[in-house]
Amino acid sequence: MPPGAIYLGDHIVPKLETLIFAVPPQPPVLAGEFHPDPGNQFIQIVENWEAEEIIDIGNDSPSISVGSTSVIVLLPNIYDDLVAFWNLNEQSGDRLDSIGNNDLTPNNAVGFTTGRINDAADFNGTNQWLSVTDDSAATDLNLTSTFTLTMWIKIDTLVNGATPINKGQLIFTPANFEYAWEFFQAAPLAPINLQFITNITVDTDLNVGVLTTGVWHFVVAWADNLDGGGVDNSPATFLHIQLDNGAIITGTFGNPTGTPFATPTTYDLNFGSSGSGGAFLDGAMDAVGLWHRGITEDERTYLWNDGDGREFPFE
C-alpha cells in the first residue's frame, strides 16, 4: 500500500475522503472518514459500517486506539505535492497527465511497447519525442527548492548524448535548458553514464552509472535537506539520485532553502529528445512523475515495488 494510502475496500483512493484501518494480522475491519479541517482533524470511526465514535487525531498522530485495539492511521502523503504523473499507457496520440494539464504531444508518431507497468512509450532513436509547452497551464513543470522526478526507462541502444528527459533545447549551456536526464560519455573510450543535471548544477553532474540495455531501470532524482551523510543540513537543500532503489548518490552543492533547484524557464518539457531536433532516445519510458517535494525513502521503495513498479493511482 502507498505510504499514507487511503483505502476503500481493496481500492486505493487518492483523496482525503475515506480510510480503512487494518488491525494486524486481520483484514480491514474498521472504516473511518477523514475530516481535514485545519486545526481540528479527526476521524469518525465506523465498525460494521455503523457510527462508533469520533476521535480527534490532531494534525499528524500516527495511531489511535479504539477500545483496547490499537489501529494504525495512514494519513495520505504520497499524493502530496504531486504535480504531474504520466503513466504512458496510451498506444498513440497524446500521453495524458493523470494529475494536471500537462498532456504530452507526440512528435513523429511515438510508438508503444510493453512497459514495466502496463504499456510504455517507445522511441525509435531517430526522430520521435513527446513534449508539452510550459505555459500558463503548465507552470508546475519547473523545479522547486525540493522536488522529485521519477521514471522507468529501458534502453535498446546506448548513445552518447541521448536525452530521456529535458526541459529545454540544448544540454550543456545553462541558458538553454532547465533540467535533464542525459546519457553522457566523458571521453571517447569512457562508459556512457546516465546523469542528472540542472542549469545551476551543470558543473557538478551526478550519474547513476551505465544502464544495462534491454532491462527496465527505475531512476529517481530529488532534492531535500539531507546532506551526503543523511544528516539534516538545513537551511541548504541537496541533490540526490538513485538507480533501482540502490545506493543514494548525493551532490556536494548546497542550494539555499527556498531557492529553486533550477532557474525557471519557459522551455518545453521533452521526453525522448533534447527537444532541439536531436539527442534522440532509442528505448522506452514508463511511469514518469514529478513532485514539488523530496519524497521519502518509504515512498521511493513503494514506487520501486521490488522491481515491478507502480503507476498512478499507485495501487
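Strand E14 (residues 147-155) pairs with E24 in the antiparallel sense over 7 bridges. Here two strands pair if DSSP finds at least two bridges between them. Helices (H or I, at least four residues) and strands (E, at least two) are DSSP runs, numbered from the N terminus. This is a predicted model in which local features need pLDDT of at least 70 and side-chain atom pairs count only at pLDDT 80 or more, whereas totals for chains, interfaces and linings use all residues. Residues are numbered from 1 along each chain as its sequence is written, and side-chain values use heavy atoms, with hydrogens and water left out.

Buried means under 20% relative accessible area, exposed over 50% and partly exposed in between (1.4 Å probe, protein chains only). E24 also pairs with strand E12 (residues 119-124), antiparallel, over 4 bridges. Strand E9 (residues 82-86) runs antiparallel to E24 and is joined to E24 by 4 bridges.

| Residue | Partner in E24 |
|---|---|
| alanine 84 | leucine 290 |
| asparagine 124 | aspartate 282 |

Valine 83 lies in strand E9 and is buried, with a relative accessible area of 11%. Its C-alpha atom is separated by 6.8 Å from that of histidine 292, 209 residues apart along the chain.

Aromatic contacts come next. Rings of Phe, Tyr and Trp (its six-membered ring) pair if their centres lie within 6.5 Å; planes under 30 degrees apart count as stacked, over 60 as edge-to-face and the rest as tilted. The count by this rule is 14 aromatic pairs. One of them is the stacked pair of tyrosine 79 and phenylalanine 314, at 5.7 Å centre to centre with 25° between the planes. This pair links distant parts of the chain, 235 residues apart: tyrosine 79 is in the loop between strand E8 (69-72) and E9, and phenylalanine 314 is in the segment after helix H1 (297-304). Tyrosine 79 is buried at a relative accessible area of 14%, and phenylalanine 314 is buried at 0%. Ring pairs also link Tyr79, Phe85, Trp291, Phe312 and Phe314 into a cluster.

In H1, the buried residues include Arg300 and Tyr302. Arginine 300 lies over the face of tryptophan 222, 3.9 Å from the ring centre. The charged end of arginine 310 sits over the ring of tyrosine 302, at 3.7 Å from its centre. A charge sits over a ring if NZ of Lys or CZ of Arg is within 6 Å of the ring centre and within 35 degrees of the ring normal. Asparagine 305 follows H1 and has a positive phi, near 55°.

How much space lies in the largest pocket? The space is about 210 Å³. A pocket is an open set of points on a 1 Å grid over the protein atoms alone, where a 1.4 Å probe fits, with protein on both sides within 12 Å along at least five of seven lines; lining residues have an atom within 4 Å of a point. Grid points are joined across faces, edges and corners, and a volume is the space filled by probe spheres set on the points. Of the 15 lining residues, Trp222, Asp224, Leu226, Ile248 and Arg300 are the closest to the pocket centre. Strand E19 (216-224), strand E21 (248-250) and H1 are the elements that give two or more residues to this lining. E19 provides the largest share, 3 residues.
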